[in-house]
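Subject: Structure for your review

Dear colleague,

Please find the structure below, together with its sequence. My notes on the helix packing and on one of the pockets follow it.

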Amino acid sequence: PDALRSFFVRVPPPDERGQYLDFMLETFSRQFCQCNPGCRLHEDIVYTLCYSLILLSVDLTSPHVKNKMSKREFIRSLRRATLRKDDDYFGHLYDNIYIAGHVAPLAN
């Protein structure tokens, strides 16, 4: 999550989902994998994790979302989306968003 936060500090996040967000996340995922070859994650997995973190950060911080996603639901969702069983890592990602907050700066 911290790498994604650093990215959005340098590059303003889009106002809405769509092709621009898709392009940004593809670019970020490619660059992340090139800079971190030891992470052993494919670009598609990094993309999925980033998108999931953005959705989770909105879910956990928005007053409009009444039923917040639980840690268990987040882990189960990522397990299905990535076809990986890395519950400790997925749980760490959830905790980071829960404690540190949004991955993208909030609009004023």
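Helix 2 passes helix 3 in a right-handed crossing; a crossing is right-handed if the near helix is turned clockwise from the far one by less than a right angle, and left-handed if anticlockwise. This is a predicted model, in which local features need pLDDT of at least 70 and side-chain atom pairs count only at pLDDT 80 or more, while totals for chains, interfaces and linings use all residues. Residues are numbered from 1 along each chain as its sequence is written, and side-chain values use heavy atoms, with hydrogens and water left out.

Helix 2 and helix 3

Axes are lines fitted to C-alpha atoms over the stretch in contact, and angles run from 0 to 180 degrees between N-to-C directions. On the helix 2 side the contact (heavy atoms within 4.5 Å) includes Leu25, Phe28 and Phe32, and on the helix 3 side Val46, Cys50 and Ile54. By class, the contact residues of this pair are 10 nonpolar, 1 polar and 4 charged (Ala, Val, Leu, Ile, Met, Phe, Trp, Tyr, Cys and Pro count as nonpolar, Asp, Glu, Lys and Arg as charged, and the others, Gly among them, as polar).

Helix 4 spans residues 71-82 and packs on helix 3 at about 155°, with the axes 10 Å apart. That makes helix 3 roughly antiparallel to helix 4. Among the residues in this contact are Leu49, Leu53 and Leu56 of helix 3 and Phe74 and Leu78 of helix 4. The contact has 7 nonpolar, 3 polar and no charged residues.

Helix 3 and helix 5 pack at about 40°, again with axes 10 Å apart. Leu49, Leu53, Leu56, Ser57 and Leu60 of helix 3 meet residues of helix 5 including Tyr89, Phe90 and Leu93. Here the division is 10 nonpolar, 1 polar and no charged.

The second largest pocket

This pocket has a volume of about 160 Å³. Its lining includes Pro1, Phe28, Leu49, Leu53, Tyr89 and Leu93. Helix 3 gives the most to the lining, with 4 residues. The lining has 12 nonpolar, no polar and no charged residues. A pocket is an open set of points on a 1 Å grid over the protein atoms alone, where a 1.4 Å probe fits, with protein on both sides within 12 Å along at least five of seven lines; lining residues have an atom within 4 Å of a point. Points are joined across faces, edges and corners, and the volume is the space filled by probe spheres set on them.

With kind regards

Conventions
Helices (H or I, at least four residues) and strands (E, at least two) are DSSP runs, numbered from the N terminus. Angles under 35 degrees count as roughly parallel, over 145 as roughly antiparallel, 65 to 115 as roughly perpendicular and the rest as oblique.
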